[in-house]
Amino acid sequence: MNEEELVEYFRAQMRKDPDMASAVAAIRTLLEFLKRDKGETILGLRESLKWATDCLTGEDSSVAVSSGGELFLRFISLTSLEHQDLSRCKKVMEERGELFLEKISMSRTKVAKLCHTFIKDGAKILTHSYSRVVLRVLEKAAAEKKRFSVYVTESQPDSAGRQMAEALRKLNVPVTVVLDAAVGYVLEKVDLVIVGAEGVVESGGIINKIGTYQMAVCSKAHNKPFYVVAESFKFVRLYPLNQQDVPDKFKYKADTLKTVQNLSEEHPMIDYTPPSLITLLFTDLGVLTPSAVSDELIKLYL
Amino acid sequence: MPGPDKETDLTERIEAFLFDLNRGGSGAGPLRGSAETARETTALLRRITAQARWSSAGDLMEIIRNEGRRMTAAQPSETTVGNMIRRVLKIIREEYARSRGSSEEADQQESLHKLLTSGGVSDENFRQPFAALKPNVIEAINELLTELEGTTDNIAMQALEHIHSNEVIMTIGRSRTVEAFLKDAARKRKFHVIVAECAPFCQGHEMATSLSKAGIETTVITDAAIFAVMSRVNKVIIGTQTVLANGGLRAVNGTHTLALAAKHHSTPLIVCAPMFKLSPQVRRLSFLSDFYRYCEILSKVNVHCPVFDYVPPELITLFISNIGGHAPSYIYRLMSELYHPEDHEL
């Protein structure tokens, strides 16, 4: 599979199911790449997979794609330790890969099952931008006949919040779109804040659409619980201590990185929210406090 | 095969226990301490394991889960019952895994690692019968009972490290654990204790009487005076009814006030809680307090009297349990060692 085919396959996966997480599409693409790979050695396989992951991050620079790729690479290493023979190894990898994809496609449902009980009748929820996981949680809460209303931030520069509002209106949930600048204004009316995450970092903090950090600081000031919903494949081995520590390759869109000369004139698309501002994280591994996240990562990578 | 007499005996005991739990909660019977409840629950579970009819671990777990659901329904505010049931379920899982000889005991929890490496759907339905399972489980439950016997002493042993001479300690209401803790320190150190009375039951009065009998200088204050007196206090030591999974507390009414006052004055807040009080629940927004009418002044006035408070983990400095001292952010880890995630919901 050459670079074009790879990127085309990835795009096709995203088009086929717009509800799929970009990390899942990336892993699916890498699995397909694995199946078609004609390498002779495990080391060669790893090299080509690394190259494939780089191509994909060149297409979609989000943290989720990068974490999905790393997870897949880790999966390959763990499997290759058990079987030394390449052909046997590949067969096992393909089987396990399919199984893994099946399991992670269930993650959103698991998260929704855990989180919807925290939304009580009559609650007012604030959320940020468009997140499919948050949408699924709110769907589940609505299906359980809970009455609640939602405030969504517009989330410039791409107005993704309007897309969220549309989707919520289809569920008959009363929704209000507010300006990004109106977060502090609206917080006194709100009972809880739920946001998604593009990546969950080692410290238990999250990387998400720009404006999330602001919302978290305001929630802390107003003493409102700040909940994060994320699937476990978004856990990434980064440990930023402040906004500057987040690598540039995640901050800007892939095309911007390729074309623009002076990045300091561009607007970043994501920001980092430290763990001290987060109350609880809802993942398919359970309800975690931010300090529990690093435990999970250590179990995987060490 | 246990004969019909043993079975009716077992059912009788379970019914008697459920009745006791129910009475204890409605205020009619004697208020039992959590340690007693934990011990009785565990003893009852051991009896069920010994006398009930079961052939495989799966059956036993089903029986215990059913009885467990009935017990927690009888008295929802007594979380130690549910905790002990979950501990026993974990014991059964471990013993089963050991009998099967699998070394996957440590890997029973969901984790990213497990997601990547598992070769297939786990077929753990616990159906395989093992002859040695019964005595092993009973042995493990006996160990659990021994652990329960020693909890208060283990906590009290750590008192000297935390209490120094000429300190002023504040506490609220009556906690047997804190009582033992303070009495143990009083053997070697001289310090002063201020007890908030904790209206309307004023259990603080009994605590103060008991402490002064042990030779500790005690002062009783009203709940309203907590903030005023806090500036003179060196440490706050309290007990709790339950420790929640996020490191928060469900403690007697008035504790949140105490915690906020302590935070304001940067006074360390120490919670003495044995491990059997650790519950996998997390605080929901629709938090059930036990509201009940205390008195009716006029027919048009309702007086609501919550029994428990929620204290968030940010206000707590240290947890002292029978296995040592921990930060609130570490509670999730202790919980994963005590209970299996599938047992969180009975």
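Which residue forms a salt bridge with Asp343(B), and how far apart are the closest N and O atoms?

Guide: The model is a predicted one. In it, Asp343(B) pairs with Arg65(B) in a salt bridge, and the closest N and O atoms of the two are 3.5 Å apart. Side chains of opposite charge can pair when their charged atoms come close.

The pair belongs to a wider arrangement. Salt bridges with shared partners join Asp343(B) and Arg65(B) with Glu62(B), Arg93(B) and Glu342(B) into one network.

The domain assignment divides chain B into domain 1, made of 4-103 + 125-148, and domain 2, which covers 153-343. Between their C-alpha centres the distance is 28 Å. To the contact, domain 1 of chain B contributes 19 residues and domain 2 of chain B contributes 21 residues. Together the two domains bury about 1,600 Å² between them, and carbon and sulfur atoms give 50% of this area. On the side of domain 1 of chain B, the residues that lose the most area to domain 2 of chain B are Arg86(B), Lys90(B) and Arg93(B), which together make up 32% of what that side buries. Arg93(B) is also a member of the network described above. Across this interface of domain 1 and domain 2 of chain B, three salt bridges are found.

Chain B as a whole gives the background. It contains 12 helices and 10 strands, and 50% of its 346 residues count as buried. Among contacts in chain B with a separation of 6 or more, 79% are between residues 24 or more positions apart.

Another salt bridge of chain B joins Glu167(B) and Lys235(B), at 2.9 Å from N to O. This pair links distant parts of the chain: Glu167(B) lies in the loop between α7 (159-162) and β1 (168-172) of chain B, whereas Lys235(B) lies in strand β4 (residues 235-238) of chain B, 68 residues apart. Glu167(B) has a relative accessible area of 11% and is therefore buried. Lys235(B), with a relative accessible area of 11%, is buried as well.

Arg36(A) and Glu5(A) meet in a salt bridge at 3.8 Å, N to O. Here Arg36(A) is in helix α2 of chain A and Glu5(A) is in helix α1 of chain A, 31 residues apart. Arg36(A) counts as partly exposed because its relative accessibility is 36%, and Glu5(A) is likewise partly exposed, at 39%.

The side chains of Arg11(A) and Glu8(A) also form a salt bridge, with 3.9 Å from N to O. Both residues lie in helix α1 of chain A, three residues apart, about one turn of the helix. An α-helix has 3.6 residues a turn, so residues three or four places apart point the same way. Arg11(A) is partly exposed, with a relative accessible area of 36%, and Glu8(A) is partly exposed at 37% relative accessibility.

Technical notes: Residues numbered from 1 in each chain as written. Chains lettered and ligands numbered in written order. Predicted model: local features only at pLDDT ≥ 70, side-chain atom pairs only at ≥ 80, totals over all residues. Heavy atoms only, no water. Domains from an automatic or database assignment. Contact = heavy atoms within 4.5 Å. Buried area = accessible area lost by both parts, 1.4 Å probe. Salt bridge = Lys/Arg side-chain N within 4 Å of Asp/Glu carboxyl O. Helix = DSSP H or I, 4+ residues; strand = E, 2+ residues; numbered from the N terminus. Buried < 20%, exposed > 50% of the residue type's maximum accessible area, 1.4 Å probe, protein only.
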